[in-house]
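Welcome! Please take a moment to look over the sequence and the model, and then we can walk through them together.

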Amino acid sequence: MKKILILFLLIPVNLLSQEIIGNWTGTLVFGIQKIELNILIEREGQELKASMDIPEQGVLKNKASTVFFETRNFEISFPEFNIVYKAELSEQLDLIGDFVQNGFSIPIVLKKMGYYFRAATNPK
């Protein structure tokens, strides 16, 4: 009976972790400036991997150094740009959190998209 109970307790955690996999997009708004942010979260074996695109700034496929997701809490970091995004997965399955760069914090909501196609890089 204990084995069955443990199995049922693990199912919601596994299903929740699947919700984080995918393409996420949102808009950073500060003052009159708006910048689109796209994050792709994938699973490689047991690990989560992620990359970020900020097309307006020419940032494409920048790999995250850390990706953490547990009990609705999500954190991702991009040390190359001194960026950390901490969020919580809402009941509506949006990531609601703060984008912090060099100590400056901007609230942002990321919504999961069906597909996101990265802009192709121009060969030179």
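Does Asp94 count as buried or exposed? This is a predicted model, and in it Asp94 has a relative accessibility of 14%. Buried means under 20% relative accessible area, so Asp94 counts as buried. You can find Asp94 in the loop between S7 and S8. Its side chain is joined to that of Lys111 by a polar contact of 3.0 Å. Leaving aside residues up to four places away in sequence, Asp94 touches Trp24, Glu88, Leu89, Val109, Leu110 and Lys111.

**The chain as a whole**

Stepping back, the chain contains one helix and nine strands. Along the sequence they follow the pattern α-β-β-β-β-β-β-β-β-β. Of the 124 residues in the chain, 34% are buried. The chain exposes about 8,500 Å², and 58% of that comes from carbon and sulfur atoms. Among contacts with a separation of 6 or more, 30% are between residues 24 or more positions apart.

In soluble globular proteins, nonpolar side chains tend to be buried together. Here, the largest nonpolar core has 27 residues, and Phe74, Ile76, Tyr85 and Leu95 touch the most other members. Elements giving two or more residues to this core include strand S1 (22-30), strand S6 (73-78) and strand S9 (104-113). As for Phe74, its contacts are Ile20, Ile41, Val67, Phe68, Phe69, Tyr85, Lys86, Ala87 and Leu95, again not counting residues up to four places away in sequence.

**Strand S3 and its two partners**

Strand S3 (47-54) also gives two or more residues to the core. S3 is mostly covered, with six of its eight residues buried. S3 pairs in the antiparallel sense with S2 over seven bridges, and in the antiparallel sense with strand S4 (residues 59-63) over three bridges. Ile41 stands opposite Ala50 in S3, while Ser51 has Lys63 in S4 as its bridge partner.

| Hairpin | Residues between the strands | Glycine with positive phi |
|---|---|---|
| S2 and S3 | two residues | Gly45, near 65 degrees |
| S3 and S4 | four residues | Gly58, near 75 degrees |

Note on methods:
Residues numbered from 1 in each chain as written. Predicted model: local features only at pLDDT ≥ 70, side-chain atom pairs only at ≥ 80, totals over all residues. Heavy atoms only, no water. Core = buried A, V, L, I, M, F, W, Y, C linked by side-chain atoms within 4.5 Å. Buried < 20%, exposed > 50% of the residue type's maximum accessible area, 1.4 Å probe, protein only. Contact = heavy atoms within 4.5 Å. Pairing = 2+ DSSP bridges. Areas by Shrake-Rupley, 256 points an atom, 1.4 Å probe, with all protein chains shown as cover. Polar contact = N/O pair within 3.5 Å; in protein donor to acceptor, adjacent residues only side chain to side chain.
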